Amino acid sequence: MSEKSHGLERMLFFSDAVIAIMLTLLALELPLPDAHDPAHLGEALAAHGAQYLAFLVSFCVIATAWIAHHLFFTHVSRGDPALVTLNVLVLLGYVLIPWASKTLGEVPNGAGVVVYATAMAFLGGTMSLMVRHVVRSGLLDPQAPPAVITGIRAWSTATMVMFALSVPGALVAGRWVILVWPVGYLGLRLVAECRLRRHRVAAAA
């Protein structure tokens, strides 16, 4: 194993550890239901519904972002100092999510949405910059599927744009902006699947 590939592996191990800790912190921050008997458990859970919803949103977001991060680095053959720096900035975006999730669940009137959306726009933006650097610096494996790399780049850019637009949207619509997020991600996922199918058909032809 070369020095560069060893350094890249160490960076990925560190990244996976940070993301795993973030997922754990999300669960540790969940409030306990204040129920003295099972008959009142549903009511006690409903009292913290906003926090539990924020947890589910954040878990799905972190899981989706990690999948993109993992899939992307499957096709990165080597690293450089700029990649390490950009990856640290991406991890900063992950580290902000538990705090932003707590804000989303507890701060009313859309203010929590603004904080959360800002953190997610930062995560998407740094991921987009990292992908751009890897492509332009020739750090990709020559055999990397173009459709996969393009899809990850589109996902990170769309994440940045969608959450950045959610900031002014939350000032107008408040918490209702949250409803746009799963719709946006579902639409992007469908577009990515269509692109991958076209790529597979073209490769098989």
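Me: Which helix gives the most to the lining of the largest cavity?
Reply: In this predicted model, helix H4 gives the most, with five residues. H4 spans 81-106, and helix H3, at 49-74, also supplies at least two residues of that lining.

Me: How much space lies in the largest cavity?
Reply: About 110 Å³. Its lining is made up of 12 residues, and those closest to the centre are Leu26, Glu29, Gln51, Ser101 and Lys102.

Me: And what is the lining like by class?
Reply: Six of the lining residues are nonpolar, three are polar and three are charged.

Me: How many cavities of 30 Å³ or more are there?
Reply: The count comes to one.

Me: Now the rings. How many aromatic pairs are there?
Reply: Three aromatic pairs are counted. One of them joins Phe55 and Phe59, whose ring centres are 6.1 Å apart; the planes stand at 40 degrees, so this pair is tilted.

Me: Where do Phe55 and Phe59 lie?
Reply: Both are in helix H3, four residues apart, which is about one turn of the helix.

Me: Is Phe55 buried or exposed?
Reply: Phe55 counts as buried because its relative accessibility is 18%, under the 20% cut-off. Phe59, at 39%, counts as partly exposed.

Me: What about Phe72 and Phe73?
Reply: Their ring centres are 5.4 Å apart and the planes are at 80 degrees, so the pair is edge-to-face. Phe72 has 0% relative accessibility and counts as buried; Phe73, at 5%, counts as buried too.

Note on methods
Residues numbered from 1 in each chain as written. Predicted model: local features only at pLDDT ≥ 70, side-chain atom pairs only at ≥ 80, totals over all residues. Heavy atoms only, no water. 1 Å grid on protein atoms, 1.4 Å probe; cavity = no way out; pocket = protein on both sides within 12 Å on 5 of 7 lines; lining within 4 Å. Points joined across faces, edges and corners; volume = space filled by probe spheres on them. Nonpolar A, V, L, I, M, F, W, Y, C, P; charged D, E, K, R; others polar. Phe/Tyr/Trp six-rings, centres within 6.5 Å; stacked < 30°, edge-to-face > 60°. Buried < 20%, exposed > 50% of the residue type's maximum accessible area, 1.4 Å probe, protein only.
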